[in-house]
Amino acid sequence: MFAIFSVFYILIAASMIVLILMQRGAGAEAGSGFGGGASATVFGARGSSNFLTRATGVLATAFFLMSLGMGMYLSRHGAGQASDSSLMSAAPTAASVPAASQPAGNGAVPAATGSSATH
């Protein structure tokens with residue numbers, strides 16, 4: 001179930017990126033006054049800005065609500081139960097990691113000298 005929501009979450013995020021990149025900037029209206037050809041677009045002279053703005057708002061609201069919902073789900077059920085494969089479950093334990101080799105020489109560790117011992 002969580003995987004399905006994750007797929008929708010990524011699709012909404014990608015759609016939101018595309019819609020934001022399709023919108024015109026604030027300086028784009030100045031060029032359309034000199035024959036920019038905005039009336040020949042698919043949505044009309046002002047239709048695309050209204051449609052893109054509303055669609056972006058709807059997707060942003062869905063993104064926000066899914067973020068909250070997925071966060072509440074993970075806080076109740078735990079991150080380990082949300083998916084079957086986890087990076088932490090595949091991590092090696094301390095017992096399976098080999099110990100570091102001894103340094104060259106006689107193997108003795110030099111004594112630490114500190115100023116706190118000579119008060």
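**Exercises on a predicted helical chain**

Among contacts (heavy atoms within 4.5 Å) in the protein chain between residues at least 6 apart in sequence, 81% join residues at least 24 apart. The model is predicted: local features need pLDDT of at least 70, side-chain atom pairs count only at pLDDT 80 or more, and totals for chains, interfaces and linings use all residues. Residues are numbered from 1 along each chain as its sequence is written, and side-chain values use heavy atoms, without hydrogens and water.

**Exercise 1.** State the secondary structure of the protein chain.

*Solution.* Helices (H or I, at least four residues) and strands (E, at least two) are taken as DSSP runs, numbered from the N terminus. The count is four helices and zero strands. In sequence order, the pattern reads α-α-α-α.

**Exercise 2.** Identify the residues of the largest nonpolar core and the elements that supply them.

*Solution.* A nonpolar core is a set of buried Ala, Val, Leu, Ile, Met, Phe, Trp, Tyr and Cys residues joined through side-chain atoms within 4.5 Å. Buried means under 20% relative accessible area, exposed over 50%, and partly exposed in between (1.4 Å probe, protein chains only). The seven residues are Ile12, Met16, Leu19, Leu52, Ala55, Leu59 and Met66. Two or more residues each come from α1 (2-22) and α3 (47-77). Helix α3 gives the most, with four residues.

**Exercise 3.** Classify Val7 by its relative accessibility.

*Solution.* Val7 is found in helix α1. Its relative accessibility is 49%, and therefore Val7 counts as partly exposed.

**Exercise 4.** Describe the chain over residues 54-74.

*Solution.* UniProt, in an unreviewed entry, places the feature "transmembrane region" here; UniProt positions are given in the numbering used here, feature names are shortened, and annotations may be inferred rather than shown by experiment. The segment is 100% helix and 0% strand, with its end C-alpha atoms 30 Å apart.
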